[in-house]
Amino acid sequence: IDAFGSVVGTTALVLLGLRRGFGRVFIGASLAVPVAVGFLGLLAFTRMAIVAVTSSLPGAGLDRLSAQHELRRHPRGSPLEPAELAEFAAGADALVTLLSDRVDASVFAACPRLKVVANVAVGVNNIDLDAARAAGVWVTNTPDVLTEATADFTMALLLAVTRRLVEGDRVMRAGAFTGWRPDYMMGFGLQ
């Protein structure tokens with residue numbers, strides 16, 4: 001199950017909680033996927049929500065959400081300027097954004113039904129949190145979603161530098177490889 005299931009599950013939890021009168025603003029939510037999927041199931045007993053999604057996302061999270069709710073997907077995708085975002089999200093109960101979508105006070109003012117903004121990003125610096133609080137909109141994000149990917153890229157960069165991979169690639173593409181020698185582009189190991 002993908003990390004984006006957590007965003008979808010958090011969105012579902014917030015929609016359910018707000019219908020039942022829990023809380024007002026929650027920042028930094030991250031749910032375990034089994035809990036998220038369970039809350040998606042509970043939403044089947046509530047009215048269908050309108051969820052506006054600014055961009056396509058990998059994985060099956062949006063498919064699971066669309067089984068229970070009306071999904072409105074932006075045809076062009078992210079990034080959307082606040083005025084375009086407000087027009088797109090008008091009438092929506094939930095908004096799924098990317099870090100490139102700026103969600104400011106004008107979006108909250110134009111979308112009075114909005115209950116949650118689920119940001120597919122580690123941070124929330126693209127969202128005006130004071131405006132979200134004032135509008136009573138919950139804001140969630142996906143903390144730790146990039147931790148493993150960052151570690152993978154760090155290892156790739158270490159290998160590229162120590163084993164001279166980029167330099168070797170250039171030599172090969174230029175047709176400048178003249179043959180193997182014991183000391184040719186040897187580089188260093190990570191041991």
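1. Strands β1 and β2 pair in the parallel sense over four bridges, where pairing requires that DSSP finds at least two bridges between two strands; strands here are DSSP runs of E of at least two residues and helices runs of H or I of at least four, numbered from the N terminus. Across this pairing, isoleucine 50 stands opposite glutamate 70 in β2.

2. This is a predicted model, in which local features need pLDDT of at least 70 and side-chain atom pairs count only at pLDDT 80 or more, while totals for chains, interfaces and linings use all residues. Residues are numbered from 1 along each chain as its sequence is written, and side-chain values use heavy atoms, with hydrogens and water left out.

3. Strand β1 (residues 50-53) also pairs with strand β3 (residues 94-98), again in the parallel sense, over three bridges, and valine 53 has valine 96 in β3 as its bridge partner. Ile50 and Ala52 point one way from β1, Val51 and Val53 point the other way, and all are buried, that is, under 20% relative accessible area with a 1.4 Å probe and protein chains only.

4. β1, α3 and β2 make a right-handed β-α-β unit, meaning that, with the strands pointing away from the viewer, the path from the first strand over the helix to the second runs clockwise.

5. Histidine 69 is found in the loop between α3 (61-66) and β2 (70-73), and it counts as buried because its relative accessibility is 2%. A polar atom of the histidine 69 side chain lies 2.8 Å from the backbone nitrogen of alanine 49.

Terms used. Buried < 20%, exposed > 50% of the residue type's maximum accessible area, 1.4 Å probe, protein only. Polar contact = N/O pair within 3.5 Å; in protein donor to acceptor, adjacent residues only side chain to side chain.
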